[in-house]
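Biologist: I have the model open here. Can we go through it piece by piece?
Modeller: Fine, ask away.

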Amino acid sequence: MFRRDALDEAQYRMDVRTWLEANLPVALRGRTTRPSPLELMPWYHTLSRKGWIAPHWPRQYGGMGATLNEQIIMAEELARIGAPHLPVQGLNHIGPILMEFGTAAQKAQHLPPIIAGTVIWAQGYSEPGAGSDLASLSTRATLEGDHFVVQGHKIWTTWAHHSDWMFALVRTDPRAQPRQAGISFLLVDLRSPGIRISPIKTIAGDDEFSEVFLDEVIVPAENLVGKLNDGWRIANALLGHERLATSNPQFSLTALERIKTMARASGIIADPAFQDRLAAASINVTALSAMFSHAVELTNHEKSLGPESSVIKIFGSELLQALNDLLIEAAGGHALADRPIATDFGEVDVATPFLQSRRVTIYGGSSEIQRNVLARRVLDLPT
Amino acid sequence: MDLYLTSEQALLRDSAAKFIEAAGPKAARGFRAQDPSFSAPRLRHAGELGWLGILVPGAAGGLGLGLTELALVLEQAGRGLVCEPIGLAAISAAALGQGRTPHPVLDRAMTGAALIVPAFQESAHGDDPLAPRTHVAGEDGALRLTGKKMFVCADGADGFLVNARGRDGPALCYVARNAPGCTLSRTQTVEGRKLATLTLTDAPADLIPPHSSSRNAVDALHNLVLLALSSELLGVMEKANEITLDYLRLRKQFGKPIGSFQALQHQAANIYVRIEATRSLVFQIAANNDAFCIDPATAIALKAKASEDAMIVTEACIQLHGAIGFTDEHDIGLYLKRAMLLSALFGNAAAQRRRYIAAADLTA
């Protein structure tokens, strides 16, 4: 990496490494398909009991309040051992949003279960008619006395069928102009009557996605986050944090290790043309780590990243795809196997992570939308 | 993305920005094919501002600052197409001042009265600096250098820091330009300045000892070179990008500013992503490394990335200008040529990637 540990950091790294070696179940290491929440939650609970589940959360909410370097070391060590990626909607999305915008009651109700891993969250933003043009969303929430009645259809909702709660953007003023001014942010208990959840199979063969149908679902008015019709601002306020979290170099570091293993196994590691591509990819992983540290450093100094965070989303997601292209190349004819390939260096899964990686330039705002954001809001180009 | 700077660092950056206001494309144009291709008084001015001794400890008369400060000044130098070789001079001064007893030429190197530059390259593609063919023989106090160095920024130089194979491994040596057995043959570049081949035949030289925190004096200076050139490349990219964004806002076709077209907006976004990647690398490496002990693999990674990005960015800037960008009259071409020069020096992107494979232990 681009930096060396200070003495106390080196000790911290060794502590993390030793603890992970002793506590992460072998069956969960180096997995390329993201295990389902059912399989993952025991590991989530282990991390939670250790106090390491939320390095980036402040201590008052049960986080580690870790320094930037500790966060990075933790990410690097998780990548090194091949730890699986945990459900992040609670830790990275709704948790930080509630810390900033939630009422005391909302924080008290929802933050501890996220830390403990007793509640799993889903994000209800996209709709069949509102993808990149998210502000056109039409799921209606009508305030009737002390509750909202919600009617509509959410889609691409990760793991909704394993989740307990969903935070959703809903239309509360259909006549508002601009359309963004008629959107509110609601917390929906997925066990409410009127909710039907239907999984969608992806090209990677998993069913991480779901559709969520909401038919006259009653949501208590106290589940509104922030003010009525202020949901767009709330959802966007922490987009920088979200883009940052999804660009954690852990994913690319894991991919790089997988490529090296596959390339050694297939023998292409000795090919100079392949080595050049591997060097280029590895250099870009170093650059991503630097960008991540730079961004976290700014965030720690309370300079909000805002639209600048599109840079790291573009770079991180496109790099992850480039790495998976290289993985396919390293595997050659093995690339098509529908299960992990047994090699002298351990099992390597190729097709699945490659196929999985196609989503990263689409979710959380596609690369094209990110470029629009940069052009207009950072580079100040005309419309 | 903004940098998080101390107020002293911000002041330094601003004073560097002021210095380059007097440089810029017009001055760079004027120095093309001149001898030397920079202003000697301005190099001394940089010396007066302390920049040539920026890494030299206070006890030896320098500013005793770190890599972040060096990078901030050189980023500005790149932005302004500054022709005075501030970066190479400053890191050479750092090397001259790193031993227990500074080299006698240090004082003049820090004031800009003498220009000392590193001369490491022995082939077109950047070599392993720790395995030079140039060799040094003789006893301490009577060392002799023999070998050949290429692509040396010898314009106006009074001496060179040469890496050579010695009895105890790679050694860093100082040789004066007017030393016997030291000859230069110069080639004009398209960028404007000349590069030279330095031939050394039994030339008398002084050994430059390593800094107490270095593994090796050659390794330490080489890593500094890579960081210095990359910082300048960053500035080159930034300014070329700003010029291009201005053009995209002003130039109209089809009745609209061309910057309103999505195809061009996405190109501009791509340029910006590249610049930010290099910027993060430069300043994260600067913030996390001791000046005399930079991790070689990360320095190589940085030079690879900066060299590649600067070429792609300045090429794209010409494309976004259209035909006017292809003219000598327009400044944007000067940024491409500066990127060509700095990318090639001490090994271009492909050469760095080749070295990175071993340095980062990628095939192990």
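Biologist: Which way does α3(A) cross α9(A), left-handed or right-handed?
Modeller: The crossing of α3(A) over α9(A) is right-handed. A crossing counts as left-handed if the near helix is turned anticlockwise from the far one by less than a right angle, and as right-handed if clockwise. Helices here are DSSP runs (H or I, at least four residues), and strands are runs of E of at least two, numbered from the N terminus.

Biologist: At what angle do they pack?
Modeller: About 145 degrees, with the axes of α3(A), residues 68-81, and α9(A) 10 Å apart. Axes are lines fitted to C-alpha atoms, for helices over the stretch in contact, and angles run from 0 to 180 degrees between N-to-C directions.

Biologist: Which residues make that contact?
Modeller: From α3(A), A:Leu68, A:Gln71 and A:Ile72; from α9(A), A:Ser293, A:Val296, A:Glu297 and A:Asn300. Contact means that the C-beta atoms of two residues, placed from the backbone, lie within 7 Å.

Biologist: Before I go on, what am I looking at, and how is it numbered?
Modeller: This is a predicted model, where local features need pLDDT of at least 70, side-chain atom pairs count only at pLDDT 80 or more, and totals for chains, interfaces and linings use all residues. Residues are numbered from 1 along each chain as its sequence is written, with chains lettered from A and ligands numbered from 1 in the order in which they are written.

Biologist: What is the mean pLDDT of chain B?
Modeller: It is 95, and 100% of the residues of chain B reach 70 or more. pLDDT is the predictor's confidence in each residue, from 0 to 100. For the complex, the predictor gives an ipTM of 0.95 and a pTM of 0.93.

Biologist: How many residues are in contact between the chains?
Modeller: 35 residues of chain A and 34 residues of chain B. On the chain A side, α9 (272-300), α10 (309-331) and α12 (367-378) each give two or more residues. α9(A) gives the most, with 16 residues.

Biologist: And by class, what is on that side of chain A?
Modeller: 20 nonpolar, 8 polar and 7 charged residues. Ala, Val, Leu, Ile, Met, Phe, Trp, Tyr, Cys and Pro count as nonpolar, Asp, Glu, Lys and Arg as charged, and the others, Gly among them, as polar.

Biologist: New topic. Which domains does chain B have?
Modeller: Domain 1 (7-114), domain 2 (117-208) and domain 3 (217-359), with bounds from an automatic or database domain assignment. The C-alpha centres of domains 1 and 3 of chain B lie 21 Å apart.
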